[in-house]
Amino acid sequence: MSRLHRICPVNIPQHIIQRGNNHQICFASEIDFVTYAAYLKEYANKFEVDIHAWVFMTNHVHLLCTPKKEGGISNMMQSLGRGYVRYFNNVYYRSGTLWEGRFKSCIIEDEGYLLQVYRYIELNPVRAKMVESPADYKWSSYCVNALGKESTLCSPHFLYLQLHKNKEERLVAYKKLCSYGLSKEQLLEIRDNTNKNLAFGSQRFKLEIEKLTGRRMEAGKRGRPKAT
């Protein structure tokens, strides 16, 4: 079966997951995280992709980003993957693949859905029970979006900026939003749509993307079709 063509409309945000092959470790030291972040910044700038949120876990990565030109995300992830694998293999005297095939991605509707994905990504270390507070995890954008840490990697989405026109009030509003977490249903929906490369949003949004791309953006029902 041929692979489905990846959908990457310009100016529509996406949630990306890149996992280590067979759940293997992708970051074994502090310098690994630093190097990955540097490659991400380099190729995001080169291929015109805005990075809004991220978390680098031990064996996988989550990104929330918006491509500003056609093919931006695919080109960024391919270059990022190749560059980091060369670095990792050289440092740890290994060869072969590091990542688990193609990255997973999910197109996201702005209004009502985007900030859910912000929280999904930045609260990942808390759900994994690695830390009690997202502020305790160094390798995520939470310290940027909730605590005001300066970052040349982060490009805030306009919906995040609309939380408040004043920066300090915006940080407070976002921190409060993160304190609510996400429901089990929201978590499952984000995971399911991302793993299946579908769309996360309203029914109207999914239909619009289907018309735009000719690809189904909602999972079909399981089981054999009923006889007619």
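This is a predicted model: local features need pLDDT of at least 70, side-chain atom pairs count only at pLDDT 80 or more; totals for chains, interfaces and linings use all residues.

Pro-9 touches Gln-14, Pro-67, Ile-107 and Leu-212. Pro-9 itself sits in the segment before β1, which covers 14-19. Buried or exposed? The cut-off for buried is under 20% relative accessible area. Pro-9 has 9% relative accessibility, so Pro-9 counts as buried. Now look along the chain. Pro-9 and Ile-209 are 200 residues apart in sequence, yet their C-alpha atoms are separated by 8.8 Å.

Next, helix packing. Two packed helices are described by the angle between their axes and the distance between the axes. I have two pairs to show.

Pair one is α1 with α2. Helix α1 runs over residues 30-46, and helix α2 over residues 72-91. They pack at an angle of about 150 degrees, and their axes are 9 Å apart. That angle makes α1 roughly antiparallel to α2. The cut-off there is over 145 degrees. As for handedness, the crossing of α1 and α2 is right-handed.

Who makes the contact? On the α1 side we have Ile-31, Asp-32, Thr-35, Tyr-36, Tyr-39, Leu-40, Tyr-43 and Ala-44. On the α2 side we have Met-76, Ser-79, Leu-80, Gly-83, Tyr-84, Tyr-87 and Phe-88. Sorted by class, this contact of α1 with α2 holds 11 nonpolar residues, three polar and one charged.

Stay with α2 for a moment. How many of the 20 residues of α2 are buried? The count is 14, so α2 is largely enclosed by the rest of the structure. One backbone detail follows. Just after α2, Tyr-93 takes a positive phi of about 50 degrees.

Pair two is α3 with α7. Helix α3 covers residues 114-122, and helix α7 covers residues 167-179. Their axes come within 10 Å and cross at roughly 70 degrees. So α3 and α7 are roughly perpendicular to each other. Helix α3 contributes Leu-115, Tyr-118, Arg-119 and Glu-122 to the contact. Helix α7 contributes Tyr-174, Leu-177 and Cys-178. By class, the contact of α3 with α7 has five nonpolar, no polar and two charged residues.

Another residue of α3 is worth a stop: Gln-116. At 11% relative accessibility, Gln-116 counts as buried. What is Gln-116 in contact with, leaving aside its neighbours within four places in sequence? The partners are Leu-182, Gln-186, Ile-190 and Phe-200.

Last item: positive phi in residues other than glycine. Glu-48 has a phi near 60 degrees. Glu-48 lies in the loop between α1 and β2, the latter being 49-56. With 40% relative accessibility, Glu-48 counts as partly exposed. Lys-129 also has a positive phi, about 60 degrees, although it is not a glycine. Lys-129 lies in the loop between α4, residues 124-127, and α5, residues 142-145. Its relative accessible area is 75%, so Lys-129 is exposed.

That's my set. Over to you.

Technical notes:
Residues are numbered from 1 along each chain as its sequence is written. Side-chain values use heavy atoms; hydrogens and water are left out. Axes are lines fitted to C-alpha atoms, for helices over the stretch in contact, and angles run from 0 to 180 degrees between N-to-C directions. Helices (H or I, at least four residues) and strands (E, at least two) are DSSP runs, numbered from the N terminus. Angles under 35 degrees count as roughly parallel, over 145 as roughly antiparallel, 65 to 115 as roughly perpendicular and the rest as oblique. A crossing is left-handed if the near helix is turned anticlockwise from the far one by less than a right angle, and right-handed if clockwise. Contact means heavy atoms within 4.5 Å. Ala, Val, Leu, Ile, Met, Phe, Trp, Tyr, Cys and Pro count as nonpolar, Asp, Glu, Lys and Arg as charged, and the others, Gly among them, as polar. Buried means under 20% relative accessible area, exposed over 50%, partly exposed in between (1.4 Å probe, protein chains only).
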